[in-house]
Amino acid sequence: MNHPRTLRTVTGRLAADAVRGPVLPHEHLVLDLDRDGHGAAVLDPERHAASVTGELRGLREHFGLALVVELTCRGMGRDVRALARISREAGVPVVAATGWYYEPFHTPEVDTSDVERLAALLVREVEDGIGATGVRPGVLGEIGSHGDVPAPSEAKVLRAAARAASATGLSLATHAQLGRGGLAQLELLTGEGLPAERVCVGHQDLLDDPEVHRELAARGAYVAFDTVGKESYQSDRTRLRLLSALVEAGHGDRVLLSCDISRHGYLRGEGGQGYGHLFGEFLPRFRAAGADDDLVDLLTRRNPLRFLTGGTDVGTDAHMDMDADVEEN
């Protein structure tokens, strides 16, 4: 089991207290989701690693980027050796993940194993390392489902991941396709005994439903606004409105922010928004809407660290002056 204030990264253990800058809690540095041969949904460890490394290095130098949580798991083209190279060259610690994405990307063992065997497989990876690499995951994720209710195979991997999280002390991040089904995910995970505060429900910025966001947060789960900058899915104006509403409802301590770079076309060098869109574009607009420095630090550093370590709430005087206008669609 993890020490409660120690993170597992691809290059070794890291004290959470040593992370003094912002964290990107839902990213991909190496990825292969290509199912049609077009090669778009790919971050190749050879062709794209230099661009990824350069972006992360630049964010460390300009914004103090201190940690990336890389949620590429089984069936998504995971390559932890490549992650270790990128981490060392960029000078940014990286946390690797294990688990299963949503149904179209499930690997064969999902069909042939029950919940108990799948959980045991994940526990082995956490305790012994991924393959022969010796690299041990520091989070379960991104555990996926699509639709309002997980498919049977998705429910199976959610339950298995919850059991593995409970057994290892790690926290768990989900993929809720287009933001849907987050409450059903949380019900399954907590039903297996995993505390809600060790769950982050993904892609909630794609769901324009403040009531769902408030309910997830009120139950203790983290609410991920983790596709910032993906304007083809949702406008950042809507994200700002939804984020401001959740903060104003008293749930700023339950929000995580990231960009979910999941194809090479999103890289800066290829004309995309890049990993730095959160820091260079979105957060300045959030500040203009009334967010203060403490709130930004809460959302970008203290919250992800508390999520990863399963820690207790930290005190905050975070403030958002909603006399400032938030742009609407």
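**Note on sheets, cores and rings**

1. Thr98 has Leu140 of β9 as its bridge partner. The strand that pairs with β9 (residues 139–145) here is β8, in the parallel sense and over two bridges. Two strands pair if DSSP finds at least two bridges between them. Strands (E, at least two residues) and helices (H or I, at least four) are DSSP runs, numbered from the N terminus.

2. This is a predicted model, in which local features need pLDDT of at least 70 and side-chain atom pairs count only at pLDDT 80 or more, while totals for chains, interfaces and linings use all residues. Residues are numbered from 1 along each chain as its sequence is written, and side-chain values use heavy atoms, with hydrogens and water left out.

3. β8 and β9 belong to an open sheet of six strands, in the order β8-β9-β10-β11-β12-β13, with parallel pairing. At its edges are β8 (97–98) and β13 (255–257), each of which pairs on one side only. Helix α5 (residues 152–168) packs on this sheet and touches β9 and β10 (172–176); contact means heavy atoms within 4.5 Å. Helix α10 (residues 293–309) lies across β9, β10, β11 (199–201), β12 (222–225) and β13.

4. Another open sheet has three strands, ordered β3-β6-β7, and its pairing is parallel. Its edge strands, β3 (23–27) and β7 (94–95), have a single partner strand each, so one side of each is left without a neighbour in the sheet. Three bridges join β3 to β6 (residues 67–70) in the parallel sense, and in this sheet Leu24 of the chain stands opposite Val68 in β6.

5. Which residues have the most contacts inside the largest nonpolar core? They are Leu29, Leu56, Leu243, Tyr275, Leu278 and Phe286, and the core has 88 residues. Helix α5 gives the largest share of this core, eight residues. A second, separate core has 20 residues, among them Val23, Leu67, Ala173 and Ala224. A nonpolar core is a set of buried Ala, Val, Leu, Ile, Met, Phe, Trp, Tyr and Cys residues joined through side-chain atoms within 4.5 Å. Buried means under 20% relative accessible area (1.4 Å probe, protein chains only), exposed over 50%, partly exposed in between.

6. Leu278 touches Leu24, Val228, Leu257, Ser258, Cys259, Leu283 and Pro284, if residues up to four places away in sequence are not counted.

7. Is His48 buried or exposed? With 6% relative accessibility, His48 counts as buried. This residue is found in the loop between β5 (42–43) and α1 (49–63). Apart from neighbours within four places in sequence, His48 is in contact with Val42, Leu43, His264, Leu267 and Glu270. His48 and Arg263 are 215 residues apart along the chain, yet their C-alpha atoms are separated by 9.9 Å.

8. There are five aromatic pairs in the structure. In one of them, the ring centres of Tyr101 and Tyr102 are 4.9 Å apart and the planes are at 80 degrees, so the pair is edge-to-face. Tyr101 and Phe105 form a tilted pair, with 5.2 Å from centre to centre and 40 degrees between the planes. Rings of Phe, Tyr and Trp (its six-membered ring) pair if their centres lie within 6.5 Å; planes under 30 degrees apart count as stacked, over 60 as edge-to-face and the rest as tilted.

9. Tyr101, Tyr102 and Phe105 form one aromatic cluster. Tyr101 counts as buried at 8% relative accessibility, and Tyr102 counts as buried at 11%. Phe105 is also buried, with a relative accessible area of 9%.

Technical notes:
Axes are lines fitted to C-alpha atoms, for helices over the stretch in contact, and angles run from 0 to 180 degrees between N-to-C directions.
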